[in-house]
Amino acid sequence: MMVTTKLSIQDKLPLTCSRRGTCCHGNVVMINPWELVCLAKEKKISPKEFRDLYCEFGGIRLRFDGEVDWRGKQSCSQYIGDFGCSVHLGRPLACRLFPLGREIQRGEVHYMYQGDEFPCLKGCSEVSEFPHLSVGEYLNVQVTDKFEKAQDEYLELMQNLADTAFVLLLDTGLAESGDKETLPLWRKMGNELPEILTNRIGQEWIDNLMIPEISDNIDDPISFVRKHDDLLQSKIQERFGALQTNQKLHEASVLIMGVALHLARGLGANPEILAEHWIDIAKNHGVME
Ligand code: SF4
Ligand code: SF4
């Protein structure tokens with residue numbers, strides 16, 4: 001099992017990047033809808049164009065389909081050889097934090113890296129010669145603040161979507177009718193490959209999730225995400241507010257849970273674990289499967 005090294009904000013590490021671009025090759029970079037806007041702005045194209053040209057699974061992951069490096073690993077779609085990142089000012093949180101990871105446990109933020117050896121030493125051993133920075137200093141240099149706020153707001157939006165899927169199941173009479181079809185589908189979606197879940201959700205709701213029509217509030221991630229949340233909830237109300245049959249309610253609950261799980265993956269969370277967590281809560285409220 002992979003060891004995780006947990007860090008305090010004061011820990012000093014060889015966090016001065018040698019800019020060799022090692023981590024821009026063969027990596028996985030997940031993004032949220034606000035980060036998609038930031039990337040598109042840097043590229044001077046629309047979020048939809050950026051999504052269609054450079055992302056996978058409806059926009060939640062950057063493509064790594066560029067040139068191959070000395071290790072045979074393909075570069076990020078935004079990497080330019082002999083130059084570096086073409087969207088440096090708009091790069092997402094995952095790139096700003098690398099090689100650190102971030103998670104929230106019981107309301108507290110923790111930073112860490114994978115393994116017991118500092119990850120940069122493998123591909124960029126020269127970093128050990130550069131000035132060491134504390135974790136806090138590194139976060140400041142990388143200007144992570146706004147991007148961390150966006151990430152946290154999207155975690156709340158994700159929970160709001162899951163709550164809506166619960167309402168469609170629990171508060172409409174669907175669960176009371178003896179429905180046993182909805183929870184197995186929540187589980188199935190938690191285990192589904194991202195391309196399958198993308199297809200299941202369909203273009204309209206993938207677009208509602210990843211390229212919301214928001215042209216103001218772009219520099220303020222909190223306002224942006226809250227506006228996105230309002231937009232999604234009003235679309236849900238418009239589309240599913242007057243559903244009559246249990247079959248339609250079931251389909252709506254599955255769709256909205258699917259959107260929540262897809263966003264979860266884009267936020268770096270594990271959809272399988274989340275689906276199980278939400279299924280347990282539903283069962284505690286008497287839902288059957
Ligand atoms: S692996 Fe570390 S030192 Fe090398 S380019 Fe990436 S962040 Fe910089
Ligand atoms: S967005 Fe930029 S920093 Fe991030 S992986 Fe791609 S090229 Fe590297």
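Author: We can begin with overall dimensions. This is a predicted model. A compact globule of 289 residues would have a radius of gyration near 19 Å, and the chain agrees with that because its own radius of gyration is 20 Å.

Reader: What percentage of the 289 residues in the chain is buried?

Author: A residue is buried if 20 or more other C-beta atoms lie within 10 Å of its own. In this chain of 289 residues, the buried share is 37%.

Reader: How many helices and how many strands are in the chain?

Author: Both kinds of element occur here. The chain has nine strands, and its helices number 12.

Reader: At what angle do helix α8 and helix α11 pack?

Author: Helix α8 covers residues 194-201 and helix α11 covers residues 246-266. On the α8 side the contact is made by P194, L197, T198, R200 and I201, and on the α11 side by L255, G258, V259, L261, H262 and R265. By class, this contact of α8 with α11 has six nonpolar, three polar and two charged residues. The axes of the two helices are 10 Å apart, and their angle is about 145 degrees.

Reader: What is the handedness of the crossing of α8 and α11?

Author: The pair to look at is again α8 and α11. Their crossing is left-handed.

Reader: Which residues around ligand 1 come nearest?

Author: There are 13 residues around ligand 1. By class, this shell has seven nonpolar, four polar and two charged residues. Those that come nearest to ligand 1 are C17, T22, C23, C120 and C124.

Reader: How many nonpolar residues does the shell around ligand 2 have?

Author: The residues around ligand 2 include C24, C76, C85 and C95, as well as R91. Two residues of this shell are polar and one is charged, while the nonpolar ones number eight.

Reader: Is F57 buried or exposed?

Author: F57 is in the loop between β3 and β4, and its phi is positive, near 55 degrees. Most residues other than glycine have a negative phi. Because F57 has 21 C-beta neighbours inside 10 Å, it counts as buried.

Reader: Is R106 buried or exposed?

Author: R106 is in the loop between β7 and β8 and has a positive phi of about 50 degrees. With 4 C-beta neighbours inside 10 Å, R106 therefore counts as exposed.

Reader: Which residues does a cis peptide bond join?

Author: Most peptide bonds are trans. The cis bond here has an omega of about 10 degrees, and one of its residues is in the loop between α3 and β7. The residues it joins are F98 and P99.

Notes: Residues are numbered from 1 along each chain as its sequence is written. Chains are lettered from A and ligands numbered from 1 in the order in which they are written. This is a predicted model: local features need pLDDT of at least 70, side-chain atom pairs count only at pLDDT 80 or more; totals for chains, interfaces and linings use all residues. A residue is near a molecule or strand if its C-beta atom, placed from the backbone, lies within 6 Å of it. Ala, Val, Leu, Ile, Met, Phe, Trp, Tyr, Cys and Pro count as nonpolar, Asp, Glu, Lys and Arg as charged, and the others, Gly among them, as polar. Axes are lines fitted to C-alpha atoms, for helices over the stretch in contact, and angles run from 0 to 180 degrees between N-to-C directions. Helices (H or I, at least four residues) and strands (E, at least two) are DSSP runs, numbered from the N terminus. A crossing is left-handed if the near helix is turned anticlockwise from the far one by less than a right angle, and right-handed if clockwise. Two residues are in contact if their C-beta atoms, placed from the backbone, lie within 7 Å. The radius of gyration is taken over C-alpha atoms; the globule rule is 2.2 Å times the number of residues to the power 0.38. A residue is buried if 20 or more other C-beta atoms lie within 10 Å of its own, exposed if 12 or fewer, and partly exposed in between; C-beta atoms are placed from the backbone.
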